[in-house]
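Let's take a walk through this structure together. Keep the 3D view open and follow along as we go.

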Protein chains: 2
Amino acid sequence: MTAIPTTIDVRNCHLVPVRGASDPRGTVNFLEVGREVGFEVRRVFYIHGVPAGHARGRHGHRKLELLLLALSGGCDVVVDDGRRRHTLRLERPDLGLYVGPWVWHELVDFAAGTVVLALASAAYDEADYIRDEATFRREVASRFDG
Amino acid sequence: MTAIPTTIDVRNCHLVPVRGASDPRGTVNFLEVGREVGFEVRRVFYIHGVPAGHARGRHGHRKLELLLLALSGGCDVVVDDGRRRHTLRLERPDLGLYVGPWVWHELVDFAAGTVVLALASAAYDEADYIRDEATFRREVASRFDG
């Protein structure tokens, strides 16, 4: 068995192995707060029915922490901390992606039938979103490269 | 638009409408603790790859609260409080099922590709499970019919 690399060379991002159990009745995967999830879960959302060629995300957060999981199908996730950019395929129910604050993230190349689950550390707050990429790069540069 | 009935004639069970937004990029549904979710989320699990003819669940809990959601596909959920038994089809990402303590629940008749998400109020604790139906009926009868 090969160990799954969990580090990504992008600030505030890492992969999260998810425990599971399979038997003739199917598979269950499970995460617990304080173990796989390093924050209190205040919001849960799921993205589905994304047509081919469309993207989700395309923003950064000032405070929010996210754990993204492809429960069905898969998509590419682009994460960018303002200095480094990395693309990975999210397509295993047993491997999530933690995306912390100050990370621009885009979800693209959705396979048909994809369901992406997100666990989030706070209730929805539009003021926490940075939706303009130039603004994101400016804020990140002043915060981390100062 | 028809209002969705949210009550079920089984103790400690009710349906939970889930907010969402759809546009040409697909659909997102979202739940927040303190709104759709009436408990702290301490554990998240998801069931997938259940072959036709197999069942999940088939137990009750003494304390655990659950919110079940079919993110893809669908299954029947049987809920039984020891007096009343109800079966409903869980197959809409925008309609969850709350299952509180002292409810025997079984998930059956899974469609191919079904993913059921569960939000749970506590970490895993085998002592909280009642896996024998006769024991469940005896404990429930002494607790609620005494």
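In strand 9 of chain A, which residue is the bridge partner of L66(A)? The partner of L66(A) there is V99(A). Before going further, keep in mind that this is a predicted model.

Let's stay with strand 6 of chain A, which covers residues 66–72. This strand is mostly covered, with seven of its seven residues buried. Strand 6 of chain A pairs with strand 9 of chain A in the antiparallel sense, over three bridges. Strand 6 of chain A is also joined to strand 11 of chain A, residues 115–120, by six bridges, and these two run antiparallel as well. If you want a spot to look at, find L68(A): its bridge partner in strand 11 of chain A is A118(A).

Now hop over to strand 9 of chain A, which spans residues 95–99 and contains L95(A). Is L95(A) buried or partly exposed? L95(A) has 18 C-beta neighbours inside 10 Å, so it counts as partly exposed, because being buried takes 20 or more. Along the chain, L95(A) and L69(A) are 26 residues apart, yet their C-alpha atoms are separated by 6.9 Å.

Chain B can be laid on chain A by a turn of 180° and a shift of 0.0 Å along the axis, with an RMSD of 0.0 Å. That is the relation of a two-fold axis. Which residue of chain B comes closest to the rotation axis? It is V41(B), whose C-alpha lies 3.0 Å from the axis.

The contact between the chains takes 32 residues from chain B and 32 residues from chain A. On the chain B side, the elements giving two or more residues are strand 3 (26–32), strand 4 (43–48), strand 6 (66–72) and strand 11 (115–120). Strand 3 of chain B gives the most, with seven residues. Sorted by class, that side of chain B has 19 nonpolar, eight polar and five charged residues. Since 100% of the interface residues of chain B are also interface residues in chain A, the copies meet through the same surface.

Now for the inside. The largest nonpolar core has 76 residues, and those touching the most other members are L68(A), V116(A), A118(A), L68(B), V116(B) and A118(B). Leaving out residues up to four places away in sequence, A118(B) touches F45(B), Y46(B), L66(B), L67(B) and L68(B).

There is another sheet to visit, in chain B. It is open, with five strands in the order 8-7-10-5-12 and antiparallel pairing. Strand 8 (85–90) and strand 12 (129–130) of chain B are the edge strands, each pairing on one side only. Further in, three bridges join strand 5 of chain B (residues 56–61) to strand 10 of chain B (residues 104–108), which run antiparallel. One such bridge has G57(B) partnered with E106(B).

Let's finish at a helix, back in chain A. F136(A) sits in helix 1, residues 133–144. With 22 C-beta neighbours inside 10 Å, F136(A) counts as buried. Not counting residues up to four places away in sequence, F136(A) touches G60(A), W104(A) and I130(A). F136(A) and H61(A) are 75 residues apart in sequence, but 8.9 Å apart in space, C-alpha to C-alpha.

Methods: Residues numbered from 1 in each chain as written. Chains lettered and ligands numbered in written order. Predicted model: local features only at pLDDT ≥ 70, side-chain atom pairs only at ≥ 80, totals over all residues. Least-squares fit on C-alpha atoms with pLDDT ≥ 70 in both. Contact = placed C-beta atoms within 7 Å. Helix = DSSP H or I, 4+ residues; strand = E, 2+ residues; numbered from the N terminus. Nonpolar A, V, L, I, M, F, W, Y, C, P; charged D, E, K, R; others polar. Buried ≥ 20, exposed ≤ 12 C-beta atoms within 10 Å, placed from the backbone. Pairing = 2+ DSSP bridges. Core = buried A, V, L, I, M, F, W, Y, C linked by C-beta atoms within 7 Å.
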